[in-house]
Amino acid sequence: MESQEEDDTAAVTHEDANKESDFTIGQQQQQQQQQQQQQQQQQQQQQQQQEISDDQRGESFDNDKQKLVTLLVDNLSNKDEGQENLNTDSPNATDDNIAADATNTSTDTQPSLSKKQMKKRKRYEKLLDIKKQKKQQAKERRHAKAVAEGRDLEEERRLQLEREKSGEGKKRREEEWNKRMESAKTSFRVCIDCGFESLMTFKEINSLANQIRYCYAANKRSNNPVYISVSSLNESGTAFQQLSKVEGFPDQWKPRGFSCSSESLKNMHDMKNLVYLTSDSEKTLEHLDDSKTYVIGGIVDRNRLKGTTIEKANEIGIETAKLPIDEYLKLVATKVLTVNHVFEILLKYRELGNDWKKALMEVLPQRKDITEVEREN
């Protein structure tokens, strides 16, 4: 009996010990979970504080930049009004000294930037330096070429200033332009259809705006300019806003054979005289008809929107055609061309005596890996 009681007592003691062990383990697990939750909360708070700190540093940097601009404007204004210079020890201080003082002031008060902001700033400054170097190199090349040709640059500058003062240069340019535009009255016309803006990204629309600028510039340089129109160019759209950043657009462009409207293609022109140029057309353009207006689709899609232009042309009932590239050249790269390349090919075709091959060879970039195609007479 005594042995059995001892066994029962030992069993009860072992069971109590197991319960206490389980309770201790449970408490430890709860403590660990609480510690993990506290660590997560601390990490979230640190991230929020870091984001707030970055925003504050960015706002502070913008404020300092604005103060710097204001300080420079004030200093230049004071100089123009004949007031004493800020540096009393050097009353003849130059604008460079004033800018240097303002820069030093901004540097002293400038807050520390985040790594991301520093990278953006360095990349922007590097691009500015590269642009400045290229501009200087181009200027030096032009100067060296002029010297090699034996030109008297000083005399040319003097004559240029005299023409600017008398207005003779502007009058001469107007006469030359009007003379060249005489042929445009009886020539074909070109329209750029910008009715695809909703299908493109901001980067693609910005690229389209640049291509329209290239078309305008090429037309001004051409010996046989044509009338250019742009349809569906809404003032609230991205393309119009990007073009508006160019000085003189659109008012100063209009006297140079340029016009633009928010109206659609079919409302802006007589549909009977329209020919939509698209690489998806089955008809090949053999020659340019001076009674026609050739439409170039304003699309920069990186081949995302294949077939969009011909679908629109078929929908509104416009004749289509494609440039005779395959008949004269073999391209390894894509046959899809930019808006300005298509426009320049049309100009060169007329300028080079209606020769498609010469026009294509002169305009298409070398990266297209062009090979001439032998044709039977």
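This is a predicted model: local features need pLDDT of at least 70, side-chain atom pairs count only at pLDDT 80 or more; totals for chains, interfaces and linings use all residues.
**Exercise 1.** Find the salt-bridge partner of Lys-312 and say which parts of the chain the pair ties together.

Solution. Step 1: the partner is Asp-193, and the closest N and O atoms are 2.7 Å apart. Step 2: Lys-312 belongs to helix H9 (residues 308-316) and Asp-193 to strand E1 (residues 189-193), so the pair ties together parts that are 119 residues apart in sequence. Step 3: buried means under 20% relative accessible area. Lys-312, at 19%, is therefore buried, and Asp-193, at 0%, is buried too.

**Exercise 2.** Locate the salt bridge between Glu-125 and Arg-121 and describe its setting.

Solution. Step 1: the N to O distance in this salt bridge is 3.4 Å. Step 2: both residues lie in helix H3 (residues 115-148), four residues apart, which is about one turn of the helix. Step 3: Glu-125, at 38% relative accessibility, is partly exposed, as is Arg-121 at 28%.

**Exercise 3.** Describe the largest nonpolar core and the contacts of Leu-346.

Solution. Step 1: this core has 49 residues, and Leu-346 is among those with the most contacts inside it. Step 2: setting aside neighbours within four places in sequence, the contacts of Leu-346 include Phe-188, Leu-277 and Trp-356. Step 3: a second, separate core has ten residues, including Phe-196 and Leu-305.

Methods
Residues are numbered from 1 along each chain as its sequence is written. Side-chain values use heavy atoms; hydrogens and water are left out. A nonpolar core is a set of buried Ala, Val, Leu, Ile, Met, Phe, Trp, Tyr and Cys residues joined through side-chain atoms within 4.5 Å. Buried means under 20% relative accessible area, exposed over 50%, partly exposed in between (1.4 Å probe, protein chains only). Contact means heavy atoms within 4.5 Å. A salt bridge is a side-chain nitrogen of Lys or Arg within 4 Å of a carboxyl oxygen of Asp or Glu. Helices (H or I, at least four residues) and strands (E, at least two) are DSSP runs, numbered from the N terminus.
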